[in-house]
Amino acid sequence: MEALARLLFHFFDKYLGTDQSSNHYLNLRFVPAQRLRPELLDTQTTKHAMGSMAFEFNIAFTSEVNKPGSTDPLSPAELWQGIKRGGRNPNDFADYVASCEVLSGRHKEFRRRLTIADGAVHRAKGEHLDQDVLIADNLHVSATTVDTGAKSTWLLSYAAGDGDDHTDLYLTAMYELKLADILPGSPEAKEIEVNYTALARGACHDAVAKIRSWRDEGRLRMWKEEDRALDAAVEHKISHEGKLVR
């Protein structure tokens, strides 16, 4: 508890100064360490003191793309086309995303703005979410939330046993959640952990089924042609401007 008290002193000095006439400062100095609990402090002071203790929760799920004996396997190229679709069109994957607008950037590195629909774990319907997206061909699509640093990644990977030339195809969904206004260990934090785990598990499982249905409906082929046209436009711009814009 003494160590916690010293840590809180540091944050109060940083944010409130060391003016000993400050009520916040005096309250902290003379409250015994064993009584120094967040509920004894006012809301503003608690937020300052807990600023470096933001709630973080990391979770990842991996799904085998082609089950043993599958009669309609996805190829790595088809899986990747589906994953890449989520970069500019995450609303195709996630029901809790109402729409997506690309604000700025280049073909494989850009900023997007999501409009949230019903069903998000910690965001309200109608709320906007800006994210920086990076696409690494045939590997992953990652999106980092601008205001919090939270990150989601969709990854294409392979796995095989020792000495086995056959490689199995996998899809992994990784989520790195960061929330500054949630106290670690609180009931609200625990509820988010439960709900976010369920969301991540379902998203990973459902993504494989969606990509397979897109393949069967001919959408992957159509999107591949759209990507080729976009690549050609980028190459045309490079040749005219004499610089790399991708």
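## Strand pairing

Threonine 153 has methionine 174 in E7 as its bridge partner. This is a predicted model: local features need pLDDT of at least 70 and side-chain atom pairs 80 or more, while totals for chains, interfaces and linings use all residues. Residues are numbered from 1 along each chain as its sequence is written, and side-chain values use heavy atoms, without hydrogens and water. Helices (H or I, at least four residues) and strands (E, at least two) are DSSP runs numbered from the N terminus.

E6 and E7 pair antiparallel over nine bridges; pairing requires at least two DSSP bridges between two strands. Serine 152 sits opposite tyrosine 175 of E7. E7 also pairs with E1, again in the antiparallel sense, over ten bridges. There, glutamate 64 stands opposite tyrosine 170 in E7.

## The sheet

Seven strands make up an open sheet. Their order is E1-E7-E6-E5-E4-E3-E2, with antiparallel pairing. Strand E1 (55–64) and strand E2 (97–105) are at the edges, each with a single partner strand, so one side of each has no neighbour in the sheet. Neighbouring strands are turned against each other by 25° on average, direction ignored. Axes are lines fitted to C-alpha atoms, for helices over the stretch in contact; angles between N-to-C directions run from 0 to 180 degrees.

## Helices across the sheet

H4 lies across E2, E3, E4, E5, E6 and E7. The helix runs at about 175° to E6. H5 lies across E1, E6 and E7, at about 25° to E1. Contact here means heavy atoms within 4.5 Å.

## Salt bridges

The whole structure holds 13 salt bridges (a side-chain nitrogen of Lys or Arg within 4 Å of a carboxyl oxygen of Asp or Glu). One of them joins lysine 178 and glutamate 56, at 3.7 Å, N to O. Lysine 178 is in strand E7 and glutamate 56 in strand E1, 122 residues apart.

## The largest pocket

The largest pocket has a volume of about 720 Å³, the space filled by probe spheres set on grid points joined across faces, edges and corners. A pocket is an open set of points on a 1 Å grid over the protein atoms alone, where a 1.4 Å probe fits, with protein on both sides within 12 Å along at least five of seven lines; lining residues have an atom within 4 Å of a point.

The lining has 41 residues, with Ala94, Tyr96, Val97, Tyr175 and Leu199 nearest the centre. H5 gives the most, seven residues.
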